[in-house]
Amino acid sequence: MTKLLEGKVAVVTGGTRGIGYAIVKTYLQQGAAVVLCGSREQTARAALEKLRSELPDARVDAIWPDLSDEKAVKTAFDSVKEKFGSLDILANNAGISQNCPLDQYTEEEVDKILNINIKSVFVCAKVAAAIMKEQGGGVIINTSSVVSFNGQGAGCLYPTSKYAVNGLTRSLSRELGPFGIRVNAVAPGITRTDMLSVLPDEMIKPLIERIPLRKITEPQDIANAYLFLASDLASCVSGAILPVDGAMVI
Ligand code: NAD
């Protein structure tokens, strides 16, 4: 069977674990060369070694630029193009969650979440789009969240940041479409990753009851959506925010 991403080159931010790791693995299995981004050299190298042992024939590498620093991201993404010949897909996935009540937010917490969940997503899209424009096209996929539709009860800046991701996705799909660049987002529901493990059980159980499919989303479910959107099967799909959440309404 033909692989869906044969000949493509992808960068996956937040690729060391969770949803990002599942995207990296799926893209590799579908024939792409993949460069994963980690927040630290140590975790990026560890993920790289794991992938190389799981998929010995895969074309995979790792980088760890500060994603909010445009110069660092440009140097890193240029090196991907130089090494692999192009940058066709950006999976703009790195992000953090918070469940802090409004009156307990410190300025440091505010900066931290806005920096990774909004600024870094913007910077990576900006740098990747410049390369994609030059080569005549590409695909950018951002990770949003189910909470980007109705917010959440505490940790208001997390949904706020994901509303921004949706706004960026819709806007860039309009700005970059004429250059052959598709821009979409995937909005995961409650997904089984480290991000979920920080939430207390009493917060998770009632949420599952409210999911019509009565199950937690697996990282592979999200990676499958990322695969579809990156592939030519989605060649006319741009500006979409695709929920993968078991029909959850929160
Ligand atoms: P995770 O905590 O398992 O992984 C997060 C990834 O982001 C890691 O690879 C980490 O290295 C990277 N990252 C975090 N801060 C970074 C920084 N400052 N610089 C560079 N990289 C950084 O979480 P996950 O659940 O896999 O989350 C991935 C994406 O999915 C996030 O954008 C998150 O908001 C979104 N999401 C997750 C869920 C869920 O239930 N797990 C639901 C909706 C949306």
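The following legends describe close-up views of a predicted model.

**View A. Packing of helix α4 against helix α6.** The axes of α4 (residues 107-135) and α6 (residues 157-176) come within 9 Å and cross at roughly 15 degrees. That angle makes α4 roughly parallel to α6, and the crossing is right-handed. Residues of α4 in the contact include Val 110, Ile 113, Val 121 and Phe 122, while those of α6 include Leu 157, Tyr 158, Val 165 and Leu 168. By class, the contact comprises 14 nonpolar, 2 polar and 2 charged residues.

**View B. Salt bridge between Asp 194 and Arg 17.** The closest N and O atoms of this pair are 3.3 Å apart. Asp 194 belongs to helix α7 (residues 194-197) and Arg 17 to the loop between β1 (9-13) and α1 (18-29), so the bridge ties together parts that are 177 residues apart in sequence. Asp 194 is partly exposed, at 46% relative accessibility, whereas Arg 17 is exposed, at 53%.

**View C. Salt bridge between Glu 218 and Arg 192.** The two side chains meet with an N to O distance of 2.9 Å. Glu 218 lies in the loop between α8 (201-209) and α9 (219-230), and Arg 192 in the loop between β6 (181-188) and α7, so the pair links parts that are 26 residues apart in sequence. Glu 218 is partly exposed, with a relative accessible area of 30%; Arg 192 is also partly exposed, with 46%.

View D. Glu 49 pairs with Arg 52, the closest N and O atoms being 3.9 Å apart. Both residues lie in α2 (residues 41-54), 3 residues apart, about one turn of the helix. Glu 49 is partly exposed, at 48% relative accessibility, and Arg 52 is partly exposed, at 36%.

Technical notes: Residues numbered from 1 in each chain as written. Predicted model: local features only at pLDDT ≥ 70, side-chain atom pairs only at ≥ 80, totals over all residues. Heavy atoms only, no water. Axes fitted to C-alpha atoms, helices over the stretch in contact; angles between N-to-C directions. Helix = DSSP H or I, 4+ residues; strand = E, 2+ residues; numbered from the N terminus. Parallel < 35°, antiparallel > 145°, perpendicular 65-115°, else oblique. Left-handed = near helix turned anticlockwise from the far one by under 90°. Contact = heavy atoms within 4.5 Å. Nonpolar A, V, L, I, M, F, W, Y, C, P; charged D, E, K, R; others polar. Salt bridge = Lys/Arg side-chain N within 4 Å of Asp/Glu carboxyl O. Buried < 20%, exposed > 50% of the residue type's maximum accessible area, 1.4 Å probe, protein only.
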